[in-house]
Amino acid sequence: MDPVLSWMQARQGEIVAWIRGLVEIESPSRDEAAVRRAADYVADLAAQIGKVERTRLDGYGDLMRIEPELPGGAKDGQILGIGHLDTVYPVGTLATMPCREGEGRLWGPGVFDMKGGVAYFLFAAKALRELGIAPKRQFVLQLNPEEEIGSPASRPFTEAEAGKSQAVLVAEPSYGLAGNVKTARKGGGTFTLKVDGVASHAGLDFAAGASAVVELARQIDRVAAWTDLETGVTVNPGVVRGGTGSNVVAAHAEAVIDVRVPRTDQAKEIEKRFRELAPFDPRTKLTLEGGLRRPPMERSAGAAALFEQARAICAEWGVELGEASVGGGSDGNFTAAMGIPTLDGLGAVGEGAHSTHESILLDRVADRAALIARLMAEI
């Protein structure tokens, strides 16, 4: 049997216990102290296997750069691993959604997205060290503190590290209970469209008003029509606010609009369309804020090659590995857009990200961690 897989199977209990410890440190994105507590926990293990650097990102907690001391001499370049320590769950969620084992799973807030994946990176490095396996390249792991809110502060660090790397491995959750990795992701972002109108009394002076609500409704109808399911473009006006009373012609209204696009050319086109919006009623004024935060992660030849390498490793163990294209984004979108071969979705196999039934499959812990270790050694 593969010594790396055997090593992971023998230590599965230890890996699961460590994941549980991390899940029980709640770490919502905008709680600096909470995310920093999670980083402290990670640093205790990471310091045993290599060098740990922490950079405080004001308002978001610490970015971690971990460089394991791996066997062998000088390395030919580096491989970048990317993960994140923040979750979407507020502090206190554990009271109603405790971390627990049952039904062949480990349950808890953030266990799937993506504290399990963080563990796999660290134990992969530990396995290579203890087994004396010398990788071709140096491995660097970057853990970001605010991925769930778009990585506004960590993105420059991600791109700088990726620029020094031959490949990027992202331990975000896999896709589906089969554990497919992700070779493509949509790009996406949020636009806020604000409308200023002219207020008036709806009964006494209706014609003097210019309704911001009516103008916004027309604009919503316009932008929603840009959705094209055949090409994968979606435009979703998800939040709408406006007006002060039914007897007042509204002076202000706004909509928060989610946009997803699978290709770079589509991203440019949708941005252009939003920037060129003009009012139907010339008495109203439009103000646009926001934009596409993450570029599309298009399936590239480099990503395909990494997938084939990962699939061949899994085939040695009798595990069938598939690939998927998904609508959500990750920090892998940034590195793929730079042209760096990027393989995403290497993390835990499970389901329920951002939900009350978030969980990972315990019988897939060993092979996923072993896959990451093999890729670290062989890319």
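Keep in mind that the model is predicted.

Let's start with the overall build. The protein chain comes to 10 helices and 18 strands. Its C-alpha atoms fill a box of roughly 85 × 45 × 35 Å along the principal axes. How does the radius of gyration fit with a compact globule? For 379 residues, such a globule would have a value near 21 Å, and the protein chain has 23 Å, so the two agree.

Next, look at how the chain is put together inside. Buried residues account for 56% of the 379. Take the contacts between residues at least 6 apart in sequence: 80% of them join residues at least 24 apart.

Now zoom in on one helix pair. Helix α1, residues 3-10, packs with helix α4, residues 111-131, at an angle of about 120 degrees, and their axes are 10 Å apart. The crossing of α1 past α4 is right-handed. On the α1 side, P3, V4, W7 and M8 make the contact, while α4 brings in F123, A124, K126, A127, E130 and L131. What kinds of residues are these, nonpolar, polar or charged? The contact divides into 8 nonpolar and 2 charged residues, with no polar ones.

Finally, the cysteines. C99 has a relative accessible area of 5%, and since buried means under 20%, C99 is buried. C314 is buried too, with a relative accessible area of 2%. As for disulfides, counting pairs of cysteine sulfur atoms within 2.5 Å gives 0 of them.

Methods:
Residues numbered from 1 in each chain as written. Predicted model: local features only at pLDDT ≥ 70, side-chain atom pairs only at ≥ 80, totals over all residues. Heavy atoms only, no water. Buried < 20%, exposed > 50% of the residue type's maximum accessible area, 1.4 Å probe, protein only. Axes fitted to C-alpha atoms, helices over the stretch in contact; angles between N-to-C directions. Helix = DSSP H or I, 4+ residues; strand = E, 2+ residues; numbered from the N terminus. Left-handed = near helix turned anticlockwise from the far one by under 90°. Contact = heavy atoms within 4.5 Å. Nonpolar A, V, L, I, M, F, W, Y, C, P; charged D, E, K, R; others polar. Rg over C-alpha atoms; globule rule 2.2 N^0.38 Å.
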